[in-house]
Amino acid sequence: MEQQSQLERLGLFDARVPRYTSYPTAPHFTPAVGEPLFRDWIAAIPAGAAISLYMHVPFCRRLCWFCACRTQGTQSDEPVRAYAKALLAELDMLKSALAPGVRLSRLHWGGGTPTLMPAEMMRLVAGAVLNTFPLAEGAEFSVEIDPNEIDEARMDALAEAGLTRASIGVQDFDPEIQKVIGREQSFEVTKRAVDMIRDRGIASLNADILYGLPHQDPHRIAESVQKLLALSPDRVALYGYAHVPWMAKRQVMIPSEALPDPHGRLRLFETARALFLADGYDEIGIDHFARPGDGLARAQKAGLLRRNFQGYTDDRAEVLVGLGASSISRFPQGYAQNAPATGAHLARIRDGRFSTTRGHAFTPEDRWRSRMIEALMCDFEIRAEEFIRDHGFDAEGLAQVFAPVAAHFGEMVEADAAGLRITPKGRPLTRMIARMFDGYDMAASGHSAAI
């Protein structure tokens, strides 16, 4: 109880802070980054470099009420076919703009629901990607799979294309909670999808589960976690549900009076966390868990864990190219985002133009602030030697940066000549501590509950 009182005093149960999957966060992007700058940044990728590619498919057969992603519903394949045609055209433009021999270290299909594409469309798109970017040695190909929207034919197409990691959304297995959030997906349907994945020799399985949903309590989330553990995923993301109906209009369908309060959210998180740890998972950052042999666990042990738009990653590529509507690319020079609206994106591609509409070019200050935030989110530690070596700091300058953080958070952090560390009991405050290193206006940063 004493720790909860300290966390409450420091604002954990009231604060709304960014998730820091990027820095600066996307609300700070501006139209100053457009197609010309995107083309310059693409052209600057060295010949033979290994990069990552994210492909966004914005369509879903049904729109889950809890989801705040940029998606749209369709019961017909026609919009999906038109979109796939645009993806092929976008890939052609990329191929023409890139230096020779650029390869893929990571390929990820997200959405939306990428698996609503028919099998032949999957083969066509995967073939076009691999024709544009040969896979580097040890490359990973991952796809977000909706267990309600997958069958043997589509699973065969993904396996034939070289799928190495599947990601499934669980959210919660309780039927009442599923009905209230607009995502009905039984354990049996989920297990069937997992069996299809395993039967094809796809060794790696990711799963997402949410805490903070309406009607959730420690007993219910424990039951859902136990069912998820029966499927033996290699890594799990335990995300807090972000109730933002002013941003995601469909969330007005979710009864806010049924949501747990902040203290209840913390109990839900701690209940699920304890079960994952008891089952032998390593804790990764603030909200992921992985089997000890998984790439995330190895990266964490080696100090190589990174943060990106999917959460945590072991991908070391310096460039991530976003393909499709609303996708965000990350370059050493900055971020570039495609037109968020699908229609606007398709119109640009049909005109033979990349659809970059906004982004952000990094300043030197962005670089050190971004790295400090990432270090806290990944390792709970900022090492002084790295910032003295790579960012031009001296010991006095770092001490000045750390001083207000140490003064505000007290025993939740430790600051000395070696750097700044978040203590184990301070880890629930990680995003709030990271916020202290954010140089942008927090009112425009995009945020969700700190727990």
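**Salt bridges and nonpolar cores in a predicted model**

A search of the whole structure finds 34 salt bridges.

Q: What does the search count as a salt bridge?

A: A salt bridge is a side-chain nitrogen of Lys or Arg within 4 Å of a carboxyl oxygen of Asp or Glu. One case here is R123 with E160, whose closest N and O atoms are 3.0 Å apart. This pair links distant parts of the chain, 37 residues apart: R123 lies in helix α4 (residues 119–132) and E160 in helix α5 (residues 152–161). Helices (H or I, at least four residues) and strands (E, at least two) are DSSP runs, numbered from the N terminus.

Q: What limits apply to the model and its numbering?

A: This is a predicted model, in which local features need pLDDT of at least 70, side-chain atom pairs count only at pLDDT 80 or more, and totals for chains, interfaces and linings use all residues. Residues are numbered from 1 along each chain as its sequence is written, and side-chain values use heavy atoms, with hydrogens and water left out.

Q: Are R183 and D146 buried or exposed?

A: Both R183 and D146 are buried. Their side chains meet in a salt bridge at 3.8 Å, N to O. R183 sits in the loop between α6 (175–181) and α7 (187–199), and D146 in the loop between β6 (135–145) and α5; the pair, 37 residues apart, links distant parts of the chain.

Q: Which residue does E176 pair with?

A: E176 forms a salt bridge with R220, with 2.4 Å between the closest N and O atoms. E176 is in helix α6 and R220 in helix α8 (residues 218–230), 44 residues apart. Elsewhere, salt bridges that share partners join R106, E140, R165, R235, D294 and D314 into one network.

Q: How many residues does the largest nonpolar core have?

A: A nonpolar core is a set of buried Ala, Val, Leu, Ile, Met, Phe, Trp, Tyr and Cys residues joined through side-chain atoms within 4.5 Å. The largest has 125 residues, and those with the most contacts inside it are W109, I145, F276, M372 and F437. Helix α3 (residues 78–97) gives the most to this core, with eight residues. Apart from it lies another core, of ten residues, including C67, I181, I254 and L259.

Key. Buried < 20%, exposed > 50% of the residue type's maximum accessible area, 1.4 Å probe, protein only.
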